Amino acid sequence: MKQSLPLEFRERMKNRFPDNEYQIFINSLDEPPVKSVRVNPRKSGHNSVTNQPVPWCEYGFYLDHKPVFTLDPLFHAGTYYPQEASSMVLWYLLKHIESEDGNNLTVLDLCGAPGGKSTLIASFLNENGLLVANEVIRSRAKILQENIIKWGAPNVVVTQSDPCDFGKLPGIFDVMVVDAPCSGEGMFRKGDIARNEWSVENTRICSERQKRILKASWHALKEKGWLVYSTCTFNSSENEEILNWLINEKGARVLKLEVPEAWGITTVSVGEGNGLAFFPHKVKGEGFFVALLQKTEESKPVKPPKSSGKKISVPSGVKRLVKASENFFFEENAQVWNAFPGRSQKTLSVLKKHLNVLHSGLKLGVTGRKGFVPDQCLAMSWVRSDQFPEIELSKETALRYLKGESITGVSGKSLGFYLVTCNRIPLGFVKNVGNRFNNLYPKEWRIRMNI
Ligand SMILES: C[S@@+](CC[C@H](N)C(=O)[O-])C[C@H]1O[C@@H](n2cnc3c(N)ncnc32)[C@H](O)[C@@H]1O
């Protein structure tokens, strides 16, 4: 039995709908949440995809039941991401931007953890695009980093920085996604936490925080750049009011978005355009609000720092680890090798100057006393070349591998590193040391659940 809805929330929502619709809306908040996943188009093999597509996102699917994701090796392999269906509408907005500006975009996901929107953007961008996935809270930034690595895209930078730090990077992003921390009214079906934490005062605090985040980072958007602003809440102080504030304070233009009626999305007029509101009694998804805005102000792009001019010699064995290695630049730091898309090298140097960069591109491995040790990031990457022999594991053995156990029952293999797979999808590395296969799966990613 869920906790009852806050009285003041009910009062506010009464004014949004006619009487009979209000009751249908309220009843819908006691229904179980809708289950959905978004698959990774660069890694096949997801076994729970249904024939019920999410209409506004090419790779989104509804599920009839919620599997225990932790017990599915393909979840750990980054073949899909459990994502709430309404928030996948970001795909539809990115399609709109693509129709005007193409797909070679530099995108910032400012409030990124745990990574739902970031992995969606990483799937959307082509190889010339760049995503900066940021999260200000350190522990959450680590989760974002893990999910990004599992997804396998080479053109992503993960940062842990305050929105103010992005203000030091004028005119750098074509698109900025601000999926703002909010009062979470749209999550009322998911449990009691959002209901318990809700208060009128909290919606006010959230609204102020949202303005602060936007004010601090606005400079980072290019002139004519796009802002995707979203929350998972219904109240206007965190939605329409924020858009009006952006119109008045920043001269932003709110786009008019057309959506098919069959989707059940409500358009809410703001300025010369509209926001899209997702009400759970009308759409198959949770409560959500999103709008697309365009910056009209001038923003002089920041100059990249002068390159050190230092050319390093990259061992051919390192280059061979990556497909189309000519498109990457390779860096070595304290014996750790990293590859990053050459086209975005200058942007990366700007980011490194002002932000706390946790991850950039593709960590290949470490050259130690006993030779090169490949990194987990390489196992997960979709630009890894076929340099490592594979060992296919059953689901049971794969789960034991993901718990950190060493692999047994494999014989007749030469010494060295192997990529272990399940359904031919890579999970990580093992090293055959003769009498056993050492498990190289990162300790902090291990499954702790009983299997
Ligand atoms: C709605 S969640 C983001 C969800 C994420 N975009 C996704 O799709 O998985 C909002 C995020 O904003 C972060 N956050 C909280 N306070 C913040 C602040 N003052 N500035 C920037 N981000 C903040 C939270 O830690 C949280 O990860």
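The following questions and answers concern a predicted model.

Visitor: Into which domains is the protein divided, and how many Å separate their centres?
Guide: The automatic or database assignment gives domain 1 as residues 87-294 and domain 2 as residues 388-451. Taken over C-alpha atoms, the centres of domain 1 and domain 2 are separated by 38 Å.

Visitor: Which elements give two or more residues to the shell around the ligand?
Guide: The ligand is surrounded by 17 residues, and the closest are C111, G116, K117, D179 and P181. The elements that contribute two or more residues to this shell are α5 (116-124) and α9 (200-217).

Visitor: How do the residues of the shell around the ligand divide into nonpolar, polar and charged?
Guide: The shell holds 17 residues. They divide into eight nonpolar, four polar and five charged.

Visitor: Is C232 buried or exposed?
Guide: C232 is listed by UniProt, in an unreviewed entry, under "active site". This residue lies in the loop between β8 (221-231) and α10 (240-250). A residue counts as buried if 20 or more other C-beta atoms lie within 10 Å of its own. C232 has 26 such atoms, so C232 is buried.

Visitor: Which residues does C232 touch, not counting residues up to four places away in sequence?
Guide: C232 itself is in the loop between β8 and α10. With residues up to four places away in sequence set aside, the contacts of C232 are C182, G184, G186, M187, E286, G287 and F288.

Visitor: Is E135 buried or exposed?
Guide: E135 is placed in the loop between β5 (130-134) and α6 (138-151). Its contacts, leaving out residues up to four places away in sequence, are C111, G112, A113, R140, A141, L144 and Q160. Because E135 has 25 C-beta neighbours inside 10 Å, E135 counts as buried.

Visitor: How many other C-beta atoms lie within 10 Å of D162, and what does this make the residue?
Guide: D162 belongs to the loop between β6 and α7 (163-166). The number of other C-beta atoms within 10 Å is 14, so D162 is partly exposed.

Visitor: Where on α12 are its buried residues?
Guide: The buried residues of helix α12 (residues 345-354) are T347, L348 and L351. They cover an arc of only 100 degrees around the axis, and therefore lie on the same side of α12.

Visitor: What do the buried residues of α14 pack against?
Guide: In helix α14 (residues 395-402), the buried residues are A398, L399, Y401 and L402. They cover an arc of only 155 degrees around the axis, so they are on the same side of α14. An α-helix has 3.6 residues a turn, so residues three or four places apart point the same way. The buried residues of α14 pack against α3 (73-76), β19 (416-422), β20 (425-432) and β21 (437-439).

Visitor: Which residue with a positive phi follows α14?
Guide: The helix α14 covers residues 395-402. With a positive phi, near 105 degrees, the residue that follows α14 is G404.

Visitor: Which residues does a cis peptide bond join?
Guide: One of the two residues, P114, is found in the loop between β4 and α5. Omega is about 5 degrees for this cis bond, which joins A113 and P114.

Visitor: Is A324 buried or exposed?
Guide: A324 has a positive phi of about 45 degrees although it is not a glycine. Its place is the loop between α11 (316-319) and β13 (328-333). With 10 other C-beta atoms within 10 Å, A324 is exposed.

Note on methods
Residues numbered from 1 in each chain as written. Predicted model: local features only at pLDDT ≥ 70, side-chain atom pairs only at ≥ 80, totals over all residues. Near = placed C-beta within 6 Å. Helix = DSSP H or I, 4+ residues; strand = E, 2+ residues; numbered from the N terminus. Nonpolar A, V, L, I, M, F, W, Y, C, P; charged D, E, K, R; others polar. UniProt positions renumbered as here; feature names shortened; annotations may be inferred. Buried ≥ 20, exposed ≤ 12 C-beta atoms within 10 Å, placed from the backbone. Contact = placed C-beta atoms within 7 Å. Arc of directions from axis to C-beta.
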